[in-house]
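Could you show me around this one, stop by stop? I have the viewer open and just need to know what to select next and what I'll find there.

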Amino acid sequence: MKKLINNPSDVAAESLAGMGLAHPDLLRVHTDPACAVRVDAPVAGKVALVSGGGSGHEPLHAGFVGPGMLDAAVPGAVFTSPTPDQVQAAVAAVDGGAGVLLLVKNYTGDVLNFEMAAELAAAEGVAVETVVVDDDVAVQDSTYTAGRRGVAGTVLVEKIAGAAAARGDDLAAVAGIARRVVGATRTMGVALTACTVPHSGTPSFELGEQEIEIGIGIHGEPGRERRPLVPADELVRLLLDPVLADLPFEDGDRVLLLVNGMGATPLSELYVAYRAARGVLDGRGVTVERSLVGNYTTALDMAGCSVTLLRLDDELRDLWDAPVHTAALRWGA
Amino acid sequence: MTDVYDTAATVSAVRAAAAMIAGHKAELTRLDQAIGDGDHGENLARGFHAVLVKLESAAPATPADALKLVATTLISTVGGASGPLYGTAFLRASTALAGAAELTPELVAAALAAARDGVVARGKAEPGDKTMVDALGPAAEAARAAADGGGGVREVLAAAADAAARGSEATVPLQARKGRASYLGERSVGHVDPGSRSTAYLLASFAAGATGAADDSDRS
(Lines give C-alpha, C1' and ligand atoms only; values in the text may rest on other atoms or scores of the structure.)
Protein backbone atom coordinates (compact mmCIF):
# COMPACT_ATOMS: atom_id res chain seq x y z
CA MET A 1 0.00 0.00 0.00
CA LYS A 2 1.56 3.28 -1.15
CA LYS A 3 1.01 6.17 1.26
CA LEU A 4 2.08 9.79 1.39
CA ILE A 5 3.45 9.52 4.91
CA ASN A 6 6.73 9.64 6.80
CA ASN A 7 6.25 7.54 9.92
CA PRO A 8 2.84 5.90 10.51
CA SER A 9 2.69 7.12 14.10
CA ASP A 10 3.35 10.74 13.04
CA VAL A 11 0.53 11.06 10.50
CA ALA A 12 -2.06 12.68 12.79
CA ALA A 13 0.37 15.21 14.29
CA GLU A 14 2.05 16.11 10.98
CA SER A 15 -1.29 16.48 9.23
CA LEU A 16 -2.55 18.82 11.97
CA ALA A 17 0.70 20.81 11.83
CA GLY A 18 0.29 21.15 8.06
CA MET A 19 -3.25 22.38 8.48
CA GLY A 20 -2.05 25.01 10.93
CA LEU A 21 0.70 26.16 8.55
CA ALA A 22 -1.75 26.34 5.64
CA HIS A 23 -4.35 28.36 7.53
CA PRO A 24 -2.54 30.71 9.94
CA ASP A 25 -5.39 33.22 9.55
CA LEU A 26 -7.85 30.69 11.01
CA LEU A 27 -6.05 28.23 13.25
CA ARG A 28 -3.54 28.04 16.04
CA VAL A 29 -2.26 24.50 16.42
CA HIS A 30 -1.18 23.40 19.89
CA THR A 31 0.97 20.35 20.49
CA ASP A 32 1.17 18.33 23.68
CA PRO A 33 -1.70 18.14 24.17
CA ALA A 34 -2.75 18.43 20.54
CA CYS A 35 -5.64 20.69 19.56
CA ALA A 36 -6.50 23.25 16.89
CA VAL A 37 -7.89 26.50 18.24
CA ARG A 38 -9.52 29.42 16.48
CA VAL A 39 -6.82 32.05 16.04
CA ASP A 40 -8.78 34.76 17.87
CA ALA A 41 -9.92 32.55 20.76
CA PRO A 42 -11.27 33.06 23.28
CA VAL A 43 -14.08 35.18 21.87
CA ALA A 44 -15.42 37.10 24.86
CA GLY A 45 -19.07 36.53 25.66
CA LYS A 46 -19.61 33.93 22.93
CA VAL A 47 -20.49 30.31 23.65
CA ALA A 48 -17.50 28.26 22.48
CA LEU A 49 -17.89 25.05 20.49
CA VAL A 50 -15.40 22.23 20.87
CA SER A 51 -15.55 19.04 18.89
CA GLY A 52 -13.10 16.27 18.26
CA GLY A 53 -12.52 12.63 17.66
CA GLY A 54 -10.06 10.33 16.01
CA SER A 55 -7.98 11.61 13.13
CA GLY A 56 -8.54 10.20 9.67
CA HIS A 57 -11.87 11.98 9.01
CA GLU A 58 -10.39 15.19 7.62
CA PRO A 59 -11.53 17.85 7.13
CA LEU A 60 -13.56 16.88 10.24
CA HIS A 61 -12.94 18.47 12.73
CA ALA A 62 -10.02 20.93 12.43
CA GLY A 63 -11.15 21.96 8.95
CA PHE A 64 -14.28 23.39 10.56
CA VAL A 65 -12.56 25.67 13.08
CA GLY A 66 -13.19 29.34 12.46
CA PRO A 67 -15.80 32.11 12.69
CA GLY A 68 -19.33 30.72 12.44
CA MET A 69 -18.40 27.15 13.31
CA LEU A 70 -16.03 25.51 15.83
CA ASP A 71 -13.78 27.31 18.31
CA ALA A 72 -11.54 24.28 18.74
CA ALA A 73 -11.02 20.80 17.37
CA VAL A 74 -9.37 18.02 19.35
CA PRO A 75 -7.89 15.27 17.18
CA GLY A 76 -6.86 11.93 18.59
CA ALA A 77 -4.59 9.40 16.94
CA VAL A 78 -5.97 7.91 13.72
CA PHE A 79 -9.44 6.48 14.46
CA THR A 80 -8.80 6.87 18.18
CA SER A 81 -10.64 9.36 20.32
CA PRO A 82 -8.66 12.18 21.90
CA THR A 83 -7.79 12.05 25.59
CA PRO A 84 -9.50 14.09 28.35
CA ASP A 85 -6.48 16.32 28.92
CA GLN A 86 -6.53 17.35 25.24
CA VAL A 87 -10.21 18.26 25.45
CA GLN A 88 -9.63 20.08 28.71
CA ALA A 89 -6.80 22.12 27.16
CA ALA A 90 -9.05 23.07 24.25
CA VAL A 91 -11.87 24.06 26.60
CA ALA A 92 -9.52 26.26 28.61
CA ALA A 93 -8.21 27.91 25.43
CA VAL A 94 -11.62 28.84 24.02
CA ASP A 95 -13.81 29.56 27.04
CA GLY A 96 -14.90 33.16 26.59
CA GLY A 97 -16.97 33.25 29.75
CA ALA A 98 -20.26 32.13 28.16
CA GLY A 99 -19.65 28.41 28.52
CA VAL A 100 -18.49 25.64 26.24
CA LEU A 101 -20.53 23.19 24.17
CA LEU A 102 -18.88 19.84 23.49
CA LEU A 103 -20.08 18.18 20.26
CA VAL A 104 -19.34 14.46 20.41
CA LYS A 105 -19.90 11.71 17.86
CA ASN A 106 -21.53 8.70 19.46
CA TYR A 107 -18.65 6.29 19.60
CA THR A 108 -17.84 4.69 22.93
CA GLY A 109 -14.30 6.06 23.09
CA ASP A 110 -15.30 9.61 22.17
CA VAL A 111 -18.19 9.62 24.64
CA LEU A 112 -16.05 8.31 27.53
CA ASN A 113 -13.14 10.68 26.96
CA PHE A 114 -15.35 13.76 26.51
CA GLU A 115 -17.35 12.71 29.58
CA MET A 116 -14.17 12.65 31.69
CA ALA A 117 -13.12 15.99 30.17
CA ALA A 118 -16.51 17.52 30.95
CA GLU A 119 -16.17 16.40 34.58
CA LEU A 120 -12.70 17.97 34.78
CA ALA A 121 -13.84 21.23 33.16
CA ALA A 122 -16.90 21.47 35.41
CA ALA A 123 -14.63 20.95 38.41
CA GLU A 124 -12.65 24.02 37.23
CA GLY A 125 -15.83 26.08 37.13
CA VAL A 126 -16.41 26.15 33.37
CA ALA A 127 -20.05 25.82 32.28
CA VAL A 128 -20.07 22.82 29.95
CA GLU A 129 -22.83 21.17 27.96
CA THR A 130 -22.46 18.08 25.82
CA VAL A 131 -24.47 17.13 22.74
CA VAL A 132 -23.94 13.66 21.30
CA VAL A 133 -24.49 13.25 17.55
CA ASP A 134 -26.00 9.91 16.46
CA ASP A 135 -27.30 10.32 12.92
CA ASP A 136 -26.39 6.90 11.51
CA VAL A 137 -29.53 4.88 10.74
CA ALA A 138 -27.49 1.75 9.92
CA VAL A 139 -27.51 0.83 13.59
CA GLN A 140 -31.08 -0.24 14.15
CA ASP A 141 -31.28 -1.58 17.65
CA SER A 142 -29.67 0.64 20.25
CA THR A 143 -30.63 -1.75 23.04
CA TYR A 144 -28.08 -4.29 21.92
CA THR A 145 -25.39 -1.96 20.67
CA ALA A 146 -23.51 1.13 21.78
CA GLY A 147 -26.22 3.08 19.95
CA ARG A 148 -26.29 4.90 16.66
CA ARG A 149 -23.02 6.36 15.51
CA GLY A 150 -22.22 9.96 14.81
CA VAL A 151 -21.17 10.28 11.16
CA ALA A 152 -21.42 12.91 8.39
CA GLY A 153 -24.40 14.68 9.97
CA THR A 154 -21.88 15.99 12.52
CA VAL A 155 -20.81 18.65 10.00
CA LEU A 156 -24.37 20.02 9.86
CA VAL A 157 -24.60 20.10 13.67
CA GLU A 158 -21.28 21.93 13.93
CA LYS A 159 -22.24 24.50 11.27
CA ILE A 160 -25.70 25.28 12.57
CA ALA A 161 -24.80 25.30 16.27
CA GLY A 162 -21.78 27.43 15.37
CA ALA A 163 -24.07 29.97 13.71
CA ALA A 164 -26.33 30.01 16.76
CA ALA A 165 -23.32 30.74 18.98
CA ALA A 166 -22.13 33.44 16.57
CA ARG A 167 -25.48 35.26 16.70
CA GLY A 168 -25.21 35.39 20.49
CA ASP A 169 -27.37 32.54 21.77
CA ASP A 170 -26.55 31.43 25.30
CA LEU A 171 -25.20 27.98 26.15
CA ALA A 172 -28.57 26.36 26.75
CA ALA A 173 -29.95 27.77 23.50
CA VAL A 174 -26.94 26.68 21.42
CA ALA A 175 -27.14 23.20 22.93
CA GLY A 176 -30.87 23.19 22.20
CA ILE A 177 -30.28 24.06 18.54
CA ALA A 178 -27.60 21.37 18.30
CA ARG A 179 -30.01 18.78 19.73
CA ARG A 180 -32.70 19.89 17.31
CA VAL A 181 -30.34 19.35 14.38
CA VAL A 182 -29.33 15.93 15.73
CA GLY A 183 -32.99 15.04 16.07
CA ALA A 184 -33.76 16.01 12.47
CA THR A 185 -30.67 14.48 10.79
CA ARG A 186 -30.30 10.95 9.40
CA THR A 187 -27.41 9.37 7.49
CA MET A 188 -26.57 6.09 5.77
CA GLY A 189 -23.24 5.17 4.18
CA VAL A 190 -21.73 2.61 1.85
CA ALA A 191 -18.16 1.42 1.34
CA LEU A 192 -16.89 0.31 -2.05
CA THR A 193 -13.52 -0.48 -0.48
CA ALA A 194 -12.22 -0.67 3.07
CA CYS A 195 -9.67 1.84 4.34
CA THR A 196 -6.11 1.29 5.53
CA VAL A 197 -5.04 2.61 8.93
CA PRO A 198 -1.42 3.84 8.67
CA HIS A 199 -0.02 1.81 11.57
CA SER A 200 -1.62 -1.46 10.50
CA GLY A 201 -0.86 -1.09 6.78
CA THR A 202 -3.57 -3.54 5.73
CA PRO A 203 -7.21 -2.87 4.83
CA SER A 204 -9.57 -2.92 7.81
CA PHE A 205 -11.77 -5.51 6.10
CA GLU A 206 -11.84 -7.40 2.83
CA LEU A 207 -14.34 -6.61 0.09
CA GLY A 208 -14.47 -8.55 -3.15
CA GLU A 209 -14.06 -6.74 -6.47
CA GLN A 210 -17.86 -6.76 -7.00
CA GLU A 211 -18.93 -6.37 -3.35
CA ILE A 212 -20.09 -3.37 -1.35
CA GLU A 213 -20.65 -2.92 2.37
CA ILE A 214 -23.86 -1.08 3.29
CA GLY A 215 -24.25 0.71 6.61
CA ILE A 216 -20.62 1.45 7.37
CA GLY A 217 -19.43 3.87 10.01
CA ILE A 218 -16.44 6.12 9.48
CA HIS A 219 -13.67 4.05 11.08
CA GLY A 220 -13.34 1.19 8.66
CA GLU A 221 -15.53 -1.01 10.81
CA PRO A 222 -17.68 -3.34 8.74
CA GLY A 223 -21.26 -2.32 8.20
CA ARG A 224 -24.70 -3.83 8.34
CA GLU A 225 -24.77 -5.96 5.25
CA ARG A 226 -22.60 -7.02 2.35
CA ARG A 227 -24.06 -7.28 -1.12
CA PRO A 228 -23.14 -7.29 -4.80
CA LEU A 229 -22.31 -3.97 -6.42
CA VAL A 230 -25.28 -2.31 -8.13
CA PRO A 231 -25.50 0.80 -10.38
CA ALA A 232 -25.35 4.20 -8.65
CA ASP A 233 -29.06 4.98 -8.91
CA GLU A 234 -30.00 1.72 -7.22
CA LEU A 235 -27.24 2.06 -4.63
CA VAL A 236 -28.37 5.55 -3.63
CA ARG A 237 -31.92 4.24 -3.27
CA LEU A 238 -30.59 1.54 -0.92
CA LEU A 239 -29.07 4.31 1.20
CA LEU A 240 -31.98 6.74 1.06
CA ASP A 241 -34.85 4.33 1.72
CA PRO A 242 -33.85 3.61 5.36
CA VAL A 243 -32.94 7.31 5.85
CA LEU A 244 -36.38 8.45 4.64
CA ALA A 245 -38.24 5.80 6.60
CA ASP A 246 -36.43 6.47 9.85
CA LEU A 247 -37.33 10.05 10.79
CA PRO A 248 -39.58 9.71 8.73
CA PHE A 249 -39.16 12.32 6.01
CA GLU A 250 -42.50 12.89 4.33
CA ASP A 251 -44.19 14.47 1.35
CA GLY A 252 -43.87 18.24 1.75
CA ASP A 253 -40.75 18.17 3.94
CA ARG A 254 -37.93 20.61 3.17
CA VAL A 255 -34.43 19.21 3.57
CA LEU A 256 -30.73 19.83 3.36
CA LEU A 257 -29.12 17.04 1.30
CA LEU A 258 -25.50 16.16 2.02
CA VAL A 259 -23.72 13.69 -0.24
CA ASN A 260 -20.45 13.01 1.55
CA GLY A 261 -17.43 11.25 0.10
CA MET A 262 -15.56 8.75 2.27
CA GLY A 263 -12.15 9.88 0.99
CA ALA A 264 -11.28 7.97 -2.17
CA THR A 265 -14.33 8.51 -4.36
CA PRO A 266 -14.04 11.18 -7.08
CA LEU A 267 -16.26 14.22 -6.89
CA SER A 268 -17.71 13.26 -10.29
CA GLU A 269 -19.15 10.08 -8.73
CA LEU A 270 -20.46 12.01 -5.74
CA TYR A 271 -22.41 14.19 -8.15
CA VAL A 272 -23.73 11.06 -9.87
CA ALA A 273 -24.94 10.00 -6.43
CA TYR A 274 -26.37 13.46 -5.76
CA ARG A 275 -28.34 13.33 -9.01
CA ALA A 276 -29.68 9.92 -8.04
CA ALA A 277 -30.68 11.20 -4.60
CA ARG A 278 -32.58 14.13 -6.14
CA GLY A 279 -34.51 11.64 -8.27
CA VAL A 280 -35.55 9.62 -5.23
CA LEU A 281 -36.47 12.72 -3.20
CA ASP A 282 -38.47 14.28 -6.05
CA GLY A 283 -40.45 11.06 -6.26
CA ARG A 284 -41.29 11.34 -2.57
CA GLY A 285 -42.30 14.98 -2.63
CA VAL A 286 -39.33 16.02 -0.48
CA THR A 287 -37.96 19.45 -1.44
CA VAL A 288 -34.19 19.94 -1.37
CA GLU A 289 -33.63 23.51 -0.18
CA ARG A 290 -29.90 23.33 0.51
CA SER A 291 -27.17 21.01 -0.69
CA LEU A 292 -23.60 20.08 0.16
CA VAL A 293 -21.53 17.68 -1.96
CA GLY A 294 -17.93 16.75 -1.19
CA ASN A 295 -15.51 15.05 1.17
CA TYR A 296 -16.46 16.42 4.59
CA THR A 297 -16.39 13.40 6.92
CA THR A 298 -13.99 10.84 5.54
CA ALA A 299 -12.61 7.48 6.54
CA LEU A 300 -9.03 7.81 5.28
CA ASP A 301 -8.83 6.22 1.82
CA MET A 302 -12.17 4.43 1.89
CA ALA A 303 -14.10 4.57 -1.36
CA GLY A 304 -17.81 5.16 -1.00
CA CYS A 305 -20.19 7.80 0.22
CA SER A 306 -22.90 8.60 2.69
CA VAL A 307 -26.20 10.37 2.18
CA THR A 308 -27.53 12.68 4.88
CA LEU A 309 -30.88 14.42 5.14
CA LEU A 310 -31.64 17.20 7.60
CA ARG A 311 -35.24 18.35 7.85
CA LEU A 312 -35.15 22.12 7.64
CA ASP A 313 -37.32 24.83 9.05
CA ASP A 314 -36.78 28.55 8.48
CA GLU A 315 -34.55 28.98 11.53
CA LEU A 316 -32.28 26.04 10.75
CA ARG A 317 -32.07 27.15 7.11
CA ASP A 318 -31.11 30.70 8.13
CA LEU A 319 -28.46 29.38 10.52
CA TRP A 320 -27.10 27.16 7.73
CA ASP A 321 -26.93 30.22 5.44
CA ALA A 322 -25.19 32.38 8.06
CA PRO A 323 -21.56 33.35 7.30
CA VAL A 324 -18.87 30.77 7.97
CA HIS A 325 -15.13 30.96 7.45
CA THR A 326 -13.20 27.75 7.98
CA ALA A 327 -10.60 25.82 6.02
CA ALA A 328 -13.17 23.43 4.58
CA LEU A 329 -16.41 25.40 4.54
CA ARG A 330 -16.69 29.06 3.68
CA TRP A 331 -19.42 31.38 2.53
CA GLY A 332 -20.72 34.84 3.33
CA ALA A 333 -17.49 35.75 5.11
CA MET B 1 6.72 -19.17 52.02
CA THR B 2 5.74 -15.57 52.42
CA ASP B 3 3.99 -13.46 49.85
CA VAL B 4 5.59 -10.04 49.86
CA TYR B 5 4.04 -7.65 47.40
CA ASP B 6 5.40 -4.22 48.25
CA THR B 7 5.89 -1.07 46.22
CA ALA B 8 8.96 -2.43 44.44
CA ALA B 9 7.08 -5.59 43.51
CA THR B 10 4.17 -3.52 42.24
CA VAL B 11 6.46 -1.36 40.10
CA SER B 12 8.16 -4.44 38.69
CA ALA B 13 4.74 -5.92 37.90
CA VAL B 14 3.81 -2.70 36.08
CA ARG B 15 7.03 -2.98 34.05
CA ALA B 16 6.21 -6.61 33.31
CA ALA B 17 2.71 -5.56 32.22
CA ALA B 18 4.22 -3.00 29.86
CA ALA B 19 6.49 -5.66 28.36
CA MET B 20 3.57 -8.07 28.10
CA ILE B 21 1.43 -5.54 26.21
CA ALA B 22 4.33 -4.58 23.93
CA GLY B 23 4.94 -8.25 23.22
CA HIS B 24 1.31 -8.84 22.34
CA LYS B 25 0.69 -5.58 20.50
CA ALA B 26 0.30 -7.23 17.09
CA GLU B 27 -2.00 -9.92 18.47
CA LEU B 28 -4.26 -7.38 20.21
CA THR B 29 -4.42 -5.31 17.04
CA ARG B 30 -5.28 -8.40 15.00
CA LEU B 31 -8.09 -9.31 17.43
CA ASP B 32 -9.39 -5.75 17.24
CA GLN B 33 -9.26 -5.72 13.45
CA ALA B 34 -11.58 -8.71 13.43
CA ILE B 35 -14.39 -7.03 15.37
CA GLY B 36 -13.34 -3.44 16.08
CA ASP B 37 -11.17 -0.85 14.41
CA GLY B 38 -7.77 -2.41 14.83
CA ASP B 39 -6.12 0.02 17.21
CA HIS B 40 -6.24 -1.71 20.60
CA GLY B 41 -2.68 -3.05 20.55
CA GLU B 42 -1.20 0.18 19.26
CA ASN B 43 -3.08 2.36 21.76
CA LEU B 44 -2.38 0.26 24.83
CA ALA B 45 1.27 -0.21 23.88
CA ARG B 46 1.63 3.56 23.48
CA GLY B 47 0.09 4.07 26.91
CA PHE B 48 2.29 1.54 28.70
CA HIS B 49 5.38 2.86 26.94
CA ALA B 50 4.50 6.25 28.42
CA VAL B 51 4.15 4.55 31.83
CA LEU B 52 7.70 3.17 31.52
CA VAL B 53 9.00 6.63 30.61
CA LYS B 54 7.30 8.15 33.65
CA LEU B 55 8.67 5.46 35.94
CA GLU B 56 12.20 6.54 35.01
CA SER B 57 11.77 9.80 36.89
CA ALA B 58 9.02 8.94 39.37
CA ALA B 59 9.45 6.99 42.59
CA PRO B 60 6.05 5.74 43.75
CA ALA B 61 5.89 5.62 47.56
CA THR B 62 3.20 2.95 47.80
CA PRO B 63 1.59 0.34 45.57
CA ALA B 64 -1.36 2.74 45.32
CA ASP B 65 0.98 5.46 44.01
CA ALA B 66 2.29 3.12 41.35
CA LEU B 67 -1.21 2.23 40.17
CA LYS B 68 -2.24 5.90 40.21
CA LEU B 69 0.71 6.73 37.95
CA VAL B 70 -0.47 4.01 35.59
CA ALA B 71 -4.03 5.37 35.69
CA THR B 72 -3.23 9.01 34.97
CA THR B 73 -0.75 8.08 32.25
CA LEU B 74 -3.17 5.76 30.48
CA ILE B 75 -5.97 8.34 30.68
CA SER B 76 -3.79 10.97 28.99
CA THR B 77 -2.08 8.81 26.38
CA VAL B 78 -4.30 5.92 25.27
CA GLY B 79 -7.50 7.50 23.97
CA GLY B 80 -10.25 5.32 22.55
CA ALA B 81 -12.51 3.54 25.00
CA SER B 82 -9.67 1.63 26.61
CA GLY B 83 -7.95 4.81 27.88
CA PRO B 84 -10.77 5.95 30.17
CA LEU B 85 -11.74 2.37 31.04
CA TYR B 86 -8.27 1.13 32.04
CA GLY B 87 -7.55 4.52 33.57
CA THR B 88 -10.66 4.24 35.70
CA ALA B 89 -9.82 0.63 36.63
CA PHE B 90 -6.32 1.49 37.84
CA LEU B 91 -7.53 4.65 39.57
CA ARG B 92 -10.23 2.79 41.52
CA ALA B 93 -7.79 0.00 42.40
CA SER B 94 -5.32 2.62 43.60
CA THR B 95 -7.95 4.25 45.79
CA ALA B 96 -8.89 0.88 47.29
CA LEU B 97 -5.26 0.25 48.27
CA ALA B 98 -5.04 3.63 50.03
CA GLY B 99 -1.75 4.05 51.87
CA ALA B 100 -0.91 0.37 52.38
CA ALA B 101 2.83 -0.40 52.13
CA GLU B 102 2.19 -3.84 50.75
CA LEU B 103 -0.68 -5.78 49.25
CA THR B 104 -2.68 -8.25 51.29
CA PRO B 105 -5.11 -10.85 49.95
CA GLU B 106 -7.97 -8.71 51.24
CA LEU B 107 -6.62 -5.57 49.53
CA VAL B 108 -6.15 -7.36 46.21
CA ALA B 109 -9.73 -8.62 46.29
CA ALA B 110 -10.99 -5.15 47.23
CA ALA B 111 -8.90 -3.45 44.54
CA LEU B 112 -10.15 -5.78 41.81
CA ALA B 113 -13.75 -5.34 42.92
CA ALA B 114 -13.29 -1.56 42.87
CA ALA B 115 -11.68 -1.73 39.43
CA ARG B 116 -14.57 -3.80 38.09
CA ASP B 117 -17.16 -1.47 39.61
CA GLY B 118 -15.40 1.54 38.12
CA VAL B 119 -15.27 0.03 34.65
CA VAL B 120 -18.94 -0.96 34.83
CA ALA B 121 -19.92 2.55 35.97
CA ARG B 122 -17.84 4.26 33.28
CA GLY B 123 -18.60 1.96 30.35
CA LYS B 124 -22.07 0.77 31.38
CA ALA B 125 -21.31 -2.74 30.13
CA GLU B 126 -22.80 -5.76 31.83
CA PRO B 127 -21.43 -9.29 32.05
CA GLY B 128 -21.92 -11.06 28.73
CA ASP B 129 -21.72 -7.88 26.61
CA LYS B 130 -18.37 -9.12 25.23
CA THR B 131 -16.14 -6.52 26.84
CA MET B 132 -13.27 -6.36 29.33
CA VAL B 133 -15.90 -6.73 32.05
CA ASP B 134 -16.11 -10.40 31.03
CA ALA B 135 -12.49 -10.83 32.15
CA LEU B 136 -12.40 -8.34 35.02
CA GLY B 137 -15.68 -9.51 36.58
CA PRO B 138 -14.67 -13.17 36.94
CA ALA B 139 -11.21 -12.03 38.10
CA ALA B 140 -12.70 -9.95 40.91
CA GLU B 141 -14.98 -12.81 41.96
CA ALA B 142 -12.17 -15.35 41.90
CA ALA B 143 -9.94 -13.02 43.92
CA ARG B 144 -12.68 -12.59 46.51
CA ALA B 145 -13.21 -16.36 46.75
CA ALA B 146 -9.49 -17.01 47.04
CA ALA B 147 -9.06 -14.35 49.72
CA ASP B 148 -12.05 -15.66 51.67
CA GLY B 149 -10.58 -19.15 51.37
CA GLY B 150 -7.43 -18.03 53.13
CA GLY B 151 -5.17 -17.78 50.07
CA GLY B 152 -2.09 -15.58 50.10
CA VAL B 153 -1.49 -12.67 47.74
CA ARG B 154 0.12 -15.07 45.28
CA GLU B 155 -2.91 -17.38 45.20
CA VAL B 156 -5.38 -14.53 45.02
CA LEU B 157 -3.64 -12.91 42.05
CA ALA B 158 -3.14 -16.26 40.31
CA ALA B 159 -6.83 -17.07 40.77
CA ALA B 160 -7.76 -13.68 39.34
CA ALA B 161 -5.44 -14.10 36.36
CA ASP B 162 -6.76 -17.59 35.63
CA ALA B 163 -10.36 -16.43 35.86
CA ALA B 164 -9.63 -13.49 33.56
CA ALA B 165 -8.02 -15.76 30.96
CA ARG B 166 -10.98 -18.14 31.09
CA GLY B 167 -13.42 -15.24 31.00
CA SER B 168 -11.67 -13.84 27.95
CA GLU B 169 -11.86 -17.18 26.13
CA ALA B 170 -15.53 -17.35 27.05
CA THR B 171 -16.20 -14.15 25.07
CA VAL B 172 -15.70 -16.06 21.78
CA PRO B 173 -19.31 -17.27 21.38
CA LEU B 174 -20.80 -14.00 22.66
CA GLN B 175 -22.43 -11.32 20.51
CA ALA B 176 -21.06 -7.87 21.36
CA ARG B 177 -23.53 -5.41 22.87
CA LYS B 178 -21.15 -2.59 23.77
CA GLY B 179 -18.30 -0.81 22.05
CA ARG B 180 -17.53 -0.74 18.38
CA ALA B 181 -17.87 -4.52 17.95
CA SER B 182 -21.58 -4.19 18.78
CA TYR B 183 -22.15 -2.70 15.32
CA LEU B 184 -21.28 -6.07 13.81
CA GLY B 185 -24.23 -7.80 15.43
CA GLU B 186 -24.03 -11.54 14.88
CA ARG B 187 -20.79 -11.14 12.98
CA SER B 188 -19.02 -10.41 16.28
CA VAL B 189 -19.62 -14.03 17.32
CA GLY B 190 -16.62 -16.34 17.02
CA HIS B 191 -13.94 -13.84 18.03
CA VAL B 192 -12.20 -13.09 21.33
CA ASP B 193 -12.96 -9.63 22.69
CA PRO B 194 -9.63 -7.75 22.51
CA GLY B 195 -10.25 -5.78 25.72
CA SER B 196 -10.89 -8.96 27.69
CA ARG B 197 -7.66 -10.40 26.30
CA SER B 198 -5.56 -7.39 27.34
CA THR B 199 -7.18 -7.52 30.79
CA ALA B 200 -6.11 -11.16 31.09
CA TYR B 201 -2.55 -10.24 30.07
CA LEU B 202 -2.35 -7.42 32.60
CA LEU B 203 -3.56 -9.63 35.44
CA ALA B 204 -1.16 -12.39 34.39
CA SER B 205 1.66 -9.84 34.69
CA PHE B 206 0.57 -8.88 38.19
CA ALA B 207 0.27 -12.54 39.18
CA ALA B 208 3.75 -13.23 37.83
CA GLY B 209 4.98 -10.24 39.82
CA ALA B 210 3.66 -11.86 42.97
CA THR B 211 5.60 -15.00 42.18
CA GLY B 212 8.76 -13.00 41.63
CA ALA B 213 8.38 -11.08 44.87
CA ALA B 214 7.84 -14.30 46.80
CA ASP B 215 10.92 -15.85 45.18
CA ASP B 216 12.98 -12.82 46.15
CA SER B 217 11.85 -13.04 49.74
CA ASP B 218 12.70 -16.75 49.76
CA ARG B 219 16.27 -15.94 48.88
CA SER B 220 16.67 -13.21 51.47
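Does Asp32(A) count as buried or exposed? Select Asp32(A) and look around: Asp32(A) counts as exposed, because it has 8 C-beta neighbours inside 10 Å. Keep in mind from here on that you're looking at a predicted model.

**Stop 1: around Asp32(A)**

Asp32(A) sits in the loop between β1 and β2 of chain A, and its phi is positive, about 50 degrees, although Asp32(A) isn't a glycine. The peptide bond leading from Asp32(A) to Pro33(A) is cis, with omega near 0 degrees. Pro33(A) is in the loop between β1 (27-30) and β2 (35-38) of chain A.

**Stop 2: another cis bond**

Next, pick Leu247(A) and Pro248(A). A cis peptide bond links Leu247(A) to Pro248(A), and omega there is about -5 degrees. To get your bearings, find α6 (232-246) and β10 (254-261) of chain A: Pro248(A) is in the loop between them.

**Stop 3: Leu300(A)**

Jump along to Leu300(A), in the loop between β11 (287-294) and β12 (304-311) of chain A. Leu300(A) has a positive phi of about 50 degrees and is not a glycine. Is Leu300(A) buried or exposed? Leu300(A) counts as buried, because 24 C-beta neighbours lie inside 10 Å.

**Stop 4**

Show chain A as a cartoon and highlight β7 (residues 185-191) and β8 (residues 211-214). Strands β7 and β8 of chain A pair in the antiparallel sense over two bridges. Zoom in on Val190(A) and you'll find Ile214(A) of β8(A) standing opposite.

β8(A) and β9 run antiparallel, joined by four bridges. Here, select Glu213(A), which has Arg226(A) in β9(A) opposite it.

**Stop 4: a helix largely enclosed**

Select helix α2 (residues 84-94) of chain A. Eight of the 11 residues of this helix are buried, so the helix is largely enclosed by the rest of the structure. Click through the buried residues of α2(A), which include Pro84(A), Gln86(A), Val87(A) and Val94(A).

**Stop 5**

**Stop 5: over to chain B**

Which elements is chain B built from? Chain B has nine helices and zero strands. Its radius of gyration is 16 Å, close to the 17 Å that the globule rule gives for 220 residues, so chain B is as compact as a globular protein of that length.

Of the 220 residues in chain B, 64% count as buried. Of the chain B contacts between residues at least 6 apart in sequence, 69% join residues at least 24 apart.

**Stop 6: where the chains meet**

The contact between the chains takes 27 residues from chain B and 28 residues from chain A. To see the chain B side, select α2 (25-35), α3 (40-57), α4 (63-77), α5 (82-97) and α6 (105-123) of chain B, each of which supplies at least two residues. By class, this side of chain B has six nonpolar, 13 polar and eight charged residues.

**Last stop: the nonpolar core**

Select Val50(A), Ala161(A), Ala143(B) and Ala160(B) together. These residues have the most contacts inside the largest nonpolar core, which has 193 residues. Domain 1 (12-184) and domain 2 (186-311) of chain A both give residues to this core, so the core lies between them.

Leaving aside residues up to four places away in sequence, Ala160(B) touches Leu112(B), Ala139(B), Ala142(B), Ala143(B), Leu203(B) and Ala207(B).

Terms used. Residues are numbered from 1 along each chain as its sequence is written. Chains are lettered from A and ligands numbered from 1 in the order in which they are written. This is a predicted model: local features need pLDDT of at least 70, side-chain atom pairs count only at pLDDT 80 or more; totals for chains, interfaces and linings use all residues. Two strands pair if DSSP finds at least two bridges between them. The radius of gyration is taken over C-alpha atoms; the globule rule is 2.2 Å times the number of residues to the power 0.38. A residue is buried if 20 or more other C-beta atoms lie within 10 Å of its own, exposed if 12 or fewer, and partly exposed in between; C-beta atoms are placed from the backbone. Two residues are in contact if their C-beta atoms, placed from the backbone, lie within 7 Å. Ala, Val, Leu, Ile, Met, Phe, Trp, Tyr, Cys and Pro count as nonpolar, Asp, Glu, Lys and Arg as charged, and the others, Gly among them, as polar. A nonpolar core is a set of buried Ala, Val, Leu, Ile, Met, Phe, Trp, Tyr and Cys residues joined through C-beta atoms within 7 Å. Domain bounds come from an automatic or database domain assignment.
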